[in-house]
Amino acid sequence: MNFRPFRRISQPPQPRVTCRIDPLMPRNLSHQPHDHRSKERHRLGRRALIIVETQYSKPGTKIRNLLDAWRIDSKVEAVANSLPSLTHGEKGKFAVVFFENFSTYLNMDSWNRQLLDKYCQSFSVGIVGFVQAKDEESTLENIEGFPLTVEYNVQLVDYRLNIYSDVWRVTKPGEIFEGGLPGDTWSVFHFNDSNYEPLAYSLLLSTLENQPDYDSEEKYRVPVIHDRGQVDGIQRVLFGGSLDFWLHHVMLMDIISYLSHGKLSMTLDRYIQIDIDDIFVGKEGTRMKVEDVEALVASQKRLQAAVDGFHFNLGFSGRYYLHGTPEEDAGDKKLLEYRHQFWWFGHMYRHEQAHKLDLSSLESTMISNKQFAQDYDIPVTQHYAVAPHHSGVYPVHEELYQGWRSIWDIKVTSTEEYPSLYPFWRRRGFIHNGIMVLPRQTCGLYTHTVFVADFKSGLQDLEENFKGGELFLTILYTPFNIFMTHMNNYGNDRLALYTFEGVVKFIQCWTNLHLLSVPPVQLGINYFHMFPEEKDPIWQNPCDYKRHIAIWSQNKSCNRLPRFLVVGPQKTGTTALYSFLSMHPGVTSNVNSPTTFEEVQFFSSNNYYKGLDWYMEFFPDPANTSATMLFEKSATYFDNENVPQRVFSLIPRAKIICILIDPAKRAYSWYQHMRSKADVTALNYTFYSIITADERMPRHVRELQSRCLVPGMYAQHLVRWLDYFPSRQVFIIDGEQLRNNPIHVMHKLQQFLHVQPYFDYSQHLRYDSQKGFFCQVLTDRRNKCLGRSKGRTYQPMDEVSAAHLRHFYRKYNINLSKLLNRLNTPVPDWLQEALSDED
């Protein structure tokens, strides 16, 4: 690590954030955050509808990204399209509606406008609209159908909020943003109607130059207005400025909460944990001295007054204790004098990168660091650790997790790399090998930014970061914040103290957020209680992201991942297809599993939680095989709801192969398969009683019914795959054609896969009259066929059951036919016959 010459200023900067109270605000007026929850929220889905002019417009993308950051699901619809379905049963699908350009709402065709207005009136759903700038210079325009006039393209300065509005929850009114607002294309609203309430006031730049009376409300313009819905029953909030202004993010959070009756409210709690990595690490001239440690302790006391339960969390590498100048060594000793005032966690003893070490080496360095902690009575009691250099947590280095558990009894860690470093608001958590992995955030300070002079504009850069910038927005967006800092950010110019005390004060000035800290294990428990859907990891391909390659073990290769998958469903001929593919010299499958044989079943079972390393062990190193293409066949993938996303996240360019037969035949075949396995339920119940079972039947009967019937609902499962994979990557095989003419099918499949060399299956497959299907040719007289369980004969399905299934699958078959036509895929004969039976 190359540090520049020592350039410490004589006196490190002190935080200088002060709240600028609005002089118009009455004295003794206290503001409590409003609870927006009402009974109306129970009729709404936790989702937002965004109407955009084009699918990828920048304003619409910014709205969608904000909602994503706040974990609010959204649907984006271009105005040229018809409105999506707005209701589901007696509930509304959307809790709020956005228009990136309010003129889009005004100019909707009458049918869609009436439909949307009726929905908003019926479900008390509000609308948020942004009034876009005009190309002309400052102009006035009446809004058709509303007693409003808009003045376009004005420049504004100073910004204050309406302290009497019921909208504010996160936002704390009473502050003034002083100075020019970003951009010169603001719009302001003029009105004379009690239905409208200003949410914000500002001054025209020209008015400011004439030195207006700041205590006079008549001088102010209205850049955000609230239509309270007293005329037509629809509440609307209109913004005259864009989301480029940071305060609009805070306001929008409250507006969404208000208009959705609390359905889309976020908690006011914000957990704060500040990790100080690299304690005792750093070259001479960059480490902490005694006065820096004293400043750290004093800062912690001040922060504890604002952040309930706060402690700095110090991560140490014991090997480098007392490796600085005499002054810095005294600082090391002073840290240990105060050791019981901080939380502590172990780095590696020598600050090693975990992904470069095997289990034995990792355990050795952990033991050394643990012994150091015991020798110096450092209270390492939080069951928390962080790996130096972001290494080994994600992408997962299994040996790191094993070592953490065995040596330190680690229960929680954090990383900024899952699923990726940027954007910061998409970082998420997961649980692996019994360890909770929480998202970690950066704060704008790094090992190379330890002096004010390291920033181009000095303290201005730091202040912009926490005064409405990324650091402030990180805490605003994220209920759980673990910040990465480094020891040298607390020595030198002590920029970390300046930054965090500044952002905490700024949050106190502008928001009602409740800042608090809890021990890391409790933090992890709270996180996954709030976001239980994140417990399951989503593995990605490390080779798709250069930061991940850099912290992934060099003995691993992304080439050990399949290029295509045979996904099922079960009992459609997947084993036969697997055997045919295995004959091809350019194709190699995974090695057999000891429990599930040729099927790895990684994406559809608890095997997924064993991690990427476990999965890749099933595939040969391409360097050790002549085959050019790896594949996997697991017939349980097709109808599993989680599998398409998991597959796409790991191997997004993989090709997907599925086989479809008459779903009624597939259902009956599964029932007979379970009977052959001596399944008690299948042996004790007739096929008809299984497929007609209702909710009064025992659970085991309904479970067998589900496995018989659900996979055959082909269209809904295919659509799920097509939500992730483009149709050009999906190949649908007619199972009857595979059985009766596999040579033709394999010819088409080779073309789809672009596999080399071309393999002439006519020379390697022939019909076996005894088995009743095609088998591999061994000699002129000998064939190699599938085992006894394949091609077994059983009693034909009874007509009553067949009739029931024809009726049951009718709508699913119609949907499948429509889907195949849309995909330009031939409709199989069996599907045409099924649809013609009831015509």
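Buried means under 20% relative accessible area, exposed means over 50%, and partly exposed is in between, with a 1.4 Å probe and protein chains only. Keep that in mind for Arg-696, which counts as exposed at 71% relative accessibility.

Now, the ground rules. This is a predicted model, where local features need pLDDT of at least 70, side-chain atom pairs count only at pLDDT 80 or more, and totals for chains, interfaces and linings use all residues. Residues are numbered from 1 along each chain as its sequence is written, and side-chain values use heavy atoms, with hydrogens and water left out.

The whole chain first. The C-alpha atoms fill a box of roughly 100 × 75 × 50 Å along the principal axes. Of the 839 residues, 56% are buried. The chain has 26 helices and 30 strands. Those are DSSP runs, numbered from the N terminus: helices are H or I with at least four residues, strands are E with at least two. Next, contacts, meaning heavy atoms within 4.5 Å. Take those between residues at least 6 apart in sequence: 77% join residues at least 24 apart.

The domains come next. Domain 1 covers 40-260, domain 2 covers 269-534, and domain 3 covers 557-836. These bounds come from an automatic or database domain assignment.

Let's look at where domain 1 meets domain 2. Their centres, over C-alpha atoms, are 39 Å apart. Domain 1 brings 18 residues to the contact, and domain 2 brings 21. Together they bury about 1,800 Å², with 59% of that on carbon and sulfur atoms. Buried area here is the accessible area, with a 1.4 Å probe, that two parts lose on being put together, summed over both.

Which residues supply 40% of the area that domain 1 buries against domain 2? Arg-71, Lys-172 and Trp-246 do, more than any other three residues.

What about polar links? The rule finds three salt bridges across this interface. A salt bridge is a side-chain nitrogen of Lys or Arg within 4 Å of a carboxyl oxygen of Asp or Glu. There are also ten residue pairs in polar contact, both residues at pLDDT 80 or more. A polar contact is a pair of N or O atoms within 3.5 Å; within protein, one must be able to donate a hydrogen and the other to accept it, and residues adjacent in sequence count only if both atoms are side-chain atoms.

On the domain 1 side, the elements giving two or more residues are α1 (58-69), β10 (176-180) and α5 (246-259). Helix α5 gives the largest share, five residues. By class, that side has ten nonpolar, three polar and five charged residues. For the classes, Ala, Val, Leu, Ile, Met, Phe, Trp, Tyr, Cys and Pro count as nonpolar; Asp, Glu, Lys and Arg as charged; the others, Gly among them, as polar.

Now the salt bridges in detail. The structure holds 35.

Start with Glu-327 and Lys-289, whose side chains meet at 3.2 Å, N to O. Glu-327 sits in helix α7 (residues 326-337), Lys-289 in the loop between β15 (269-279) and α6, 38 residues apart. Glu-327 is partly exposed at 49%. Lys-289 is buried at 14%.

Next, Arg-494 and Asp-292, with closest N and O atoms 2.8 Å apart. Arg-494 lies in the loop between β21 (480-486) and α12 (495-510), and Asp-292 in helix α6, so this pair ties together parts 202 residues apart in sequence. Buried or exposed? Both Arg-494 and Asp-292 are buried.

Back to Arg-696. Its salt bridge is with Asp-694, closest N and O atoms 2.6 Å apart. Asp-694 is partly exposed, at 26%.

There is also a network. Salt bridges that share partners join Asp-68, Arg-71, Arg-426, Arg-428 and Glu-534. One link in the salt-bridge list is Arg-428 with Asp-68, closest N and O atoms 3.8 Å apart.

Gln-300 is in helix α6 (residues 290-306). At 2% relative accessibility, Gln-300 is buried. Leaving out residues up to four places away in sequence, Gln-300 touches Phe-310, His-311, Phe-312, Gln-341 and Phe-342.

Glu-464 lies in helix α10 (residues 459-466). It is partly exposed, at 46%. Glu-464 and Ile-475 are eleven residues apart in sequence and 15 Å apart in space, C-alpha to C-alpha.
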